[in-house]
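I opened my notebook to look up how two chains meet. Here is the structure I worked from.

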Amino acid sequence: MKIILTKSGGLIGKPQRAEIDLDLTPEQWRKMKDLLKKKKPSKTVADGFNQYVEAEGEDDTTLIDPVNLPVSFKEHYAELEKKLDYLK
Amino acid sequence: MCNNRRNPVNCILPPYILEKIDQTNNSDLGDQIVLTAQATARFRSKRASLNEMTKKGKAGFLRTVSGDTDLEGVLPKPKHLIYDAGGLPITPGELIWKDGDPAPKDKDAKNVLNGATQTWKFYYDLFKRNSIDGIGMPLTQCIHYREDPRKPFSNAIWDGEQMIYGDGDTIFFDSFTRDIDIIAHELTHGVIDYSAKLEYKFESGALNESFADVFGIMVKQRAKKESVKKSNWLIGQNILLGDEYALRSMKEPGSGYKNHPGIGDDPQVAVMSDYINMSQHQDNGGVHYNSGIPNFAFYVAAFNCGGNSWDKLGKVWYAAMTDKILMKKNSKFLDARNATLTKAELLFGKASQVYKAVGEGWDAAEVK
């Protein structure tokens, strides 16, 4: 399953994007999203970044808080974050 | 867990300690150390700033009132607190400069001190507004911040209490303290929090962004003594490395950068027919994309007024932004048009060039 991280906002506003392949079943991904949703960012900050994940082809984005990730997603996030590149 | 590979964002510890934690393979230990270090750092910072204010008897927020003088008849002055996050994801960090200290040595500290002073003077000299909240709130700024200790932070934010600046990646972005218009932009987000309280999403969020840019450019123009015709109307000209690039253009939204090797093309729009509908997860509903529309309205209005932007049009935009009846948290561009026209009429009359120019500005941006 291809998981996509998008980092948008910031003073620049331009989105950055990265993707990784994860060996997850749709059910495992649904559970992961439920965990991520429980730890969503608590407040919006002017010029702060929004970060969200989605599975390729899925019509559902999940906002994440990089400082409050579920343990099971931390390594995946670190891998995605390294690959972030601006969408030109 | 504070594992160097697993959770870069929370870590505030030096690399050698992180390596030690890695070697112990004890994630609970890592978590405890990080939480303790974060709490200690926050406590130290708050204690340091409170101590400083208490020592001098200058708890400004208690003592200063809005207007020409405070309760003791003294002309208000800006109160600065500059902190250094030391490349860590902690705010505000260590207090490195306060009023009365010798000039700061750190160039970013110098930049934010100058930028915030010029912005405070702009609001006070022109509108008698004493600081962000109008009653002398200290200007708290945090420099050398990183979300991840191993990665430079290419951004600047207003977090509701303070302005926070990253150093930039030095490849595409320089330090985010380099442009006075960006410092004024962030500080103005604070002013909006204490006035119109525009919700930071969709059209009201784009208005919030635009007010921050409008006051950002006026502070820059006033500091450089530039008329509307002399100004280049660029926001973040020095932050984005390369002479031909800037973060945004108010004169020609969408032309701040083109074919940039790192970030491509500027996506801002200038007119309502190009308004971009985005989800709230994407840039809070496109706040930095659609802010080009009210930005362009201001530019056209200012250009048609002539002279200095802050002399007449600045008064109109400030009066609109701080009118809690005309501007509400969910106001849209059309509300801003109506508010600025109302204020232009009240301040300069319906037959004035200012009133005419305000209407022409919004018309040019197709907000009608």
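Is Cys142(B) buried or exposed? I found that Cys142(B) counts as buried because its relative accessibility is 0%; buried means under 20% relative accessible area, exposed over 50%, and partly exposed in between (1.4 Å probe, protein chains only). Cys305(B), at 22%, counts as partly exposed.

A note on my source: this is a predicted model, where local features need pLDDT of at least 70, side-chain atom pairs count only at pLDDT 80 or more, and totals for chains, interfaces and linings use all residues. Residues are numbered from 1 along each chain as its sequence is written, chains are lettered from A and ligands numbered from 1 in the order in which they are written, and side-chain values use heavy atoms, with hydrogens and water left out.

Then I turned to the interface. I found 32 residues of chain A in contact (heavy atoms within 4.5 Å) with 41 residues of chain B. The two chains bury about 3000 Å² between them, 53% of it on carbon and sulfur atoms; buried area is the accessible area (1.4 Å probe) that two parts lose on being put together, summed over both. In chain A, Leu11(A), Ile12(A) and Asp47(A) lose the most area to chain B, together 23% of what that side buries.

Last, I looked up salt bridges (a side-chain nitrogen of Lys or Arg within 4 Å of a carboxyl oxygen of Asp or Glu). I noted two between chain A and chain B. Lys151(B) makes one with Glu81(A), their closest N and O atoms being 3.5 Å apart.
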